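Open the model in your viewer and keep the sequence alongside. This tour says what to select at each stop.

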Amino acid sequence: MAAGAQQGVQAAIAQLQETNSALVDQRLASLDLFYRGLLAQLDSVLSASTDPKIIRMKTSERDRHRHEHRRRRAELERRRDADIVSTRIAMGVVEVRDAV
């Protein structure tokens with residue numbers, strides 16, 4: 001019985017990890033597409049700008065978005081390795097009595 005239960009748990013973990021990996025891949029693709037468009041728009045504005053203040057502001061904004069993209073991507077990658085953990089922490093009987 002224990003071996004069968006262990007195999008069931010392992011199968012459930014494998015299924016969870018496969019599903020979770022696919023979801024993470026979808027979210028990463030969506031995130032990359034969003035930031036690719038955002039950065040392309042900023043690059044377009046930068047290439048058309050001649051005012052040094054606008055160039056400095058848009059360059060800073062582009063750098064901030066690049067950093068944010070890397071941070072959010074790393075956060076999603078950390079979520080890729082999901083696991084099911086079931087550990088008994090206590091065992092007993094709870095008895096509720098009328099306190100009045």
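Helices here are DSSP runs of H or I, at least four residues long, numbered from the N terminus. The model is a predicted one.

**Stop 1: the helix pair.** Select residues 2-48, helix 1, and residues 52-78, helix 2. Their axes lie 10 Å apart, at an angle of about 175 degrees. Angles over 145 degrees count as roughly antiparallel, so helix 1 is roughly antiparallel to helix 2. Color the contact by class: 11 residues are nonpolar, 3 polar and 11 charged.

**Stop 2: the salt bridges.** The whole structure holds 9 of them. Arg73 is partly exposed at 28% relative accessible area. Glu77 is partly exposed too, at 32%.

Next, select Asp25 and Arg80. Their closest N and O atoms are 2.9 Å apart in a salt bridge. Asp25 sits in helix 1 and Arg80 in the segment after helix 2, 55 residues apart. Asp25 is partly exposed, at 39% relative accessibility.

Now move to Arg97 and Glu95. This salt bridge has its closest N and O atoms 2.6 Å apart. Both residues are exposed. Then select Asp25, Asp32, Arg73, Glu77 and Arg80 together: salt bridges with shared partners join them into one network.

**Stop 3: the aromatic pair.** There is 1 in the structure. Select Phe34 and Tyr35, which pair edge-to-face, 5.1 Å centre to centre with 80 degrees between the planes. Which of the two is buried? Tyr35, at 1% relative accessibility; Phe34 is partly exposed, at 49%.

Conventions. Residues are numbered from 1 along each chain as its sequence is written. This is a predicted model: local features need pLDDT of at least 70, side-chain atom pairs count only at pLDDT 80 or more; totals for chains, interfaces and linings use all residues. Side-chain values use heavy atoms; hydrogens and water are left out. Axes are lines fitted to C-alpha atoms, for helices over the stretch in contact, and angles run from 0 to 180 degrees between N-to-C directions. Helices (H or I, at least four residues) and strands (E, at least two) are DSSP runs, numbered from the N terminus. Angles under 35 degrees count as roughly parallel, over 145 as roughly antiparallel, 65 to 115 as roughly perpendicular and the rest as oblique. Ala, Val, Leu, Ile, Met, Phe, Trp, Tyr, Cys and Pro count as nonpolar, Asp, Glu, Lys and Arg as charged, and the others, Gly among them, as polar. Rings of Phe, Tyr and Trp (its six-membered ring) pair if their centres lie within 6.5 Å; planes under 30 degrees apart count as stacked, over 60 as edge-to-face and the rest as tilted. Buried means under 20% relative accessible area, exposed over 50%, partly exposed in between (1.4 Å probe, protein chains only). A salt bridge is a side-chain nitrogen of Lys or Arg within 4 Å of a carboxyl oxygen of Asp or Glu.
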